[in-house]
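Visitor: Hi, could you walk me through this one? I'd like to hear about the sheet, the helices and the ligand.

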Amino acid sequence: MRVSRVLSYKKQDHYYHLAKKEGYRARSAYKLKQMQKKFKIIRRGNVVVDLGAAPGAWTQVAAEIVGNKGRIIAVDKNPIRSFYKENIITQQMDMRSKRLFNYLVDEVGKKANVVISDLAGNTTGEWRLDSERQQYLATLAFVVSKSLLVKGGNFVTKIFRGPNIKEFEDDVKPFFKSVKHWRPPATRKKSAEEYMICIGFTGDTENDE
Ligand SMILES: C[S@@+](CC[C@H](N)C(=O)[O-])C[C@H]1O[C@@H](n2cnc3c(N)ncnc32)[C@H](O)[C@@H]1O
């Protein structure tokens, strides 16, 4: 997309302007706010792991909800500008690296109340390829969340709509009390994205001691 078209697109976008006005780092803040309003994913005092967190709008929203007694661990392969708050840790690491997995297990252990993943790669416009890549990122997030969540914890991940989602959903469903798909109103109309909202982690028998 040409730079001029991107700029004019932004100018017309309600959530882009709202984010600027309310001090959020990106319009995506409103997707998490809308999810929170509907599903009450995060609670005060929670430990939240935010995957694919840059530039940090979801981290801002999550931090407002958990308050000073909660903790956010925000991870992205790109740098995340510091929040200068003790209870928000930012880490630049790639989801595909073993180092990240080990870091999260050491830093969080099995104490995360919520894992939120807005992980997304660059899209090519070729639907099948983009959707497979998205499913791969969602699978990485799911694997991480099984190792970090407390029983009863919640997991949210970005997915692309399409037939291959059924297979992923079948993998995820046995581990949660409820799994739903939802598209927040703040999602751009042309986007294929939606979120899988997984409530009430029931445990990972393979990895539980
Ligand atoms: C849609 S943006 C996230 C926006 C963020 N939730 C916010 O509200 O500011 C998707 C993010 O996923 C990150 N990402 C994509 N692939 C990744 C990977 N393999 N490891 C870590 N981060 C990745 C990108 O760098 C990008 O910052």
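Predicted model: local features only at pLDDT ≥ 70, side-chain atom pairs only at ≥ 80, totals over all residues.

Visitor: Great. What order do the strands of the sheet have?

Guide: The order is β3-β2-β1-β4-β5-β7-β6, in an open sheet of seven strands with mixed pairing. Strands here are DSSP runs of E of at least two residues, helices are runs of H or I of at least four, and both are numbered from the N terminus. Two strands pair if DSSP finds at least two bridges between them.

Visitor: Which are the edge strands?

Guide: Those are β3 (88-92) and β6 (176-182), each pairing on one side only. From one strand to the next, the twist averages 15°.

Visitor: And β1 with β4, parallel or antiparallel?

Guide: Strand β1 (residues 47-51) and strand β4 (residues 112-117) run parallel, joined by four bridges. Asp 50 stands opposite Ile 116 in β4.

Visitor: On to helices. How do α5 and α6 cross?

Guide: The axes of α5 (residues 98-108) and α6 (residues 127-148) come within 10 Å and cross at roughly 25°. Axes are lines fitted to C-alpha atoms, for helices over the stretch in contact, and angles run from 0 to 180 degrees between N-to-C directions. α5 and α6 are therefore roughly parallel to each other, a label for angles under 35 degrees.

Visitor: Which residues make that contact?

Guide: From α5 there are Phe 101, Leu 104, Val 105 and Val 108, and from α6 Val 144, Ser 147 and Leu 148. Contact requires C-beta atoms, placed from the backbone, within 7 Å. By class, the contact of α5 with α6 has six nonpolar residues, one polar and no charged. Ala, Val, Leu, Ile, Met, Phe, Trp, Tyr, Cys and Pro count as nonpolar, Asp, Glu, Lys and Arg as charged, and the others, Gly among them, as polar.

Visitor: What about α3 and α4?

Guide: The axes of α3 (residues 29-39) and α4 (residues 57-66) come within 7 Å and cross at roughly 35°.

Visitor: Last topic: which residues come nearest the ligand?

Guide: Gly 52, Ala 57, Lys 77, Met 95 and Asp 118 come nearest, of the 21 residues around the ligand. A residue is near a molecule if its C-beta atom, placed from the backbone, lies within 6 Å of it. The shell around the ligand has 10 nonpolar, five polar and six charged residues.

Methods:
Residues numbered from 1 in each chain as written. Parallel < 35°, antiparallel > 145°, perpendicular 65-115°, else oblique. Contact = placed C-beta atoms within 7 Å.
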